[in-house]
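Please consult the sequence and the coordinates while reading.

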Amino acid sequence: RRVYTVHRYCALKREAEARFKELGLTNLITRFGDRGEGWPEQAPFDRIMVTAAAPDEPKALLDQLKPNGILVAPIGKGPVQSLRRYTGDGKGGFAIEALTDVRFVPLLDGVAKEL
């Protein structure tokens, strides 16, 4: 029903909001913040898609999934990462599947300072 998106840069958040409005999309909710922290106040989520490479398993985001939820994220510190799908087993654990090698920008802690 709703898509929640977290942006590290205010300028990109504003640009995304303008595009959503132009396209008539009203079920997208944006937030300025640390993408690695997710959005715990809106959890639990059915699905989480991460669009920057986490250095290792994104525990804070996995904790925000519903018991049978799915998280897809690039994982790794180098120039090439592994795109992985984490599928909840309903008991607090996850099945992990490596999908393919990818190249993403790194997931950075904190938020960017706007000029």
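## Arginine 84 in strand S5

In this predicted model, arginine 84 counts as partly exposed, at 28% relative accessibility. The residue belongs to strand S5, which spans residues 81-88. Apart from neighbours within four places in sequence, arginine 84 is in contact with Leu71, Val72, Ala73, Ile75, Ile96, Glu97, Ala98 and Leu99.

## The nonpolar core

The largest nonpolar core comprises 15 residues, and those that touch the most other members are Ile48 and Leu71. S3, helix H2 (59-62) and strand S4 (65-75) each supply at least two residues of this core. The most is given by S4, which contributes four residues.

Isoleucine 48 has contacts beyond its sequence neighbours. With residues up to four places away left out, isoleucine 48 touches Leu61, Gln64, Leu65, Ile70, Leu71 and Val72.

## Aromatic pairs

Three aromatic pairs are found in a search of the whole structure. One of them joins tyrosine 4 and tryptophan 39 in an edge-to-face arrangement, with 5.2 Å centre to centre and 80° between the planes. Tyrosine 4 lies in strand S1 (residues 3-7), whereas tryptophan 39 lies in the loop between strand S2 (28-32) and strand S3 (45-49), so the pair ties together parts that are 35 residues apart in sequence.

The two partners fall into separate accessibility classes: tyrosine 4 is partly exposed, with a relative accessible area of 27%, and tryptophan 39 counts as buried, at 11%. Tryptophan 39 is placed in the buried class because its value is under 20%. Ring pairs also link Tyr4, Trp39 and Phe45 into a cluster.

## A cis peptide bond

Most peptide bonds are trans. The bond from alanine 43 to proline 44, however, is cis, with omega near 10°. Proline 44 is located in the loop between S2 and S3, the loop that also holds tryptophan 39.

## The two largest pockets

The largest pocket has a volume of about 950 Å³. Its lining consists of 28 residues, and those nearest the centre are Val3, Tyr4, Thr5, Arg47 and Met49. S1 and S3 are the elements that give two or more residues to this lining. By class, the lining residues of the largest pocket divide into 15 nonpolar, six polar and seven charged. Tyr4, one of the residues nearest the centre of this pocket, is also the partner of tryptophan 39 in the edge-to-face pair.

The second largest pocket has a volume of about 170 Å³. It is lined by 13 residues, of which Gly36, Ala54, Pro55, Leu107 and Asp109 are the closest to its centre. The lining of the second largest pocket contains six nonpolar residues, one polar residue and six charged residues.

Alanine 18 is placed in helix H1, which covers residues 10-22. With a relative accessible area of 45%, alanine 18 is partly exposed. Its C-alpha atom is separated by 37 Å from that of alanine 95, a residue 77 positions away along the chain.

Alanine 16 also has its place in helix H1. In contrast to the partly exposed alanine 18, alanine 16 is buried, with a relative accessible area of 13%. Alanine 16 and threonine 30 are 14 residues apart in sequence, and the distance between their C-alpha atoms is 8.3 Å.

## Valine 105 after strand S6

Valine 105 is found in the segment that follows strand S6 (94-102). At 54% relative accessibility, valine 105 counts as exposed, because this class takes residues over 50%. With residues up to four places away in sequence not counted, valine 105 touches Ala52 and Ala53.

Lysine 91 is 14 residues from valine 105 in sequence. The C-alpha atoms of lysine 91 and valine 105 are 32 Å apart in space.

Notes. Residues numbered from 1 in each chain as written. Predicted model: local features only at pLDDT ≥ 70, side-chain atom pairs only at ≥ 80, totals over all residues. Heavy atoms only, no water. Phe/Tyr/Trp six-rings, centres within 6.5 Å; stacked < 30°, edge-to-face > 60°. Buried < 20%, exposed > 50% of the residue type's maximum accessible area, 1.4 Å probe, protein only. Core = buried A, V, L, I, M, F, W, Y, C linked by side-chain atoms within 4.5 Å. Contact = heavy atoms within 4.5 Å. 1 Å grid on protein atoms, 1.4 Å probe; cavity = no way out; pocket = protein on both sides within 12 Å on 5 of 7 lines; lining within 4 Å. Points joined across faces, edges and corners; volume = space filled by probe spheres on them. Nonpolar A, V, L, I, M, F, W, Y, C, P; charged D, E, K, R; others polar.
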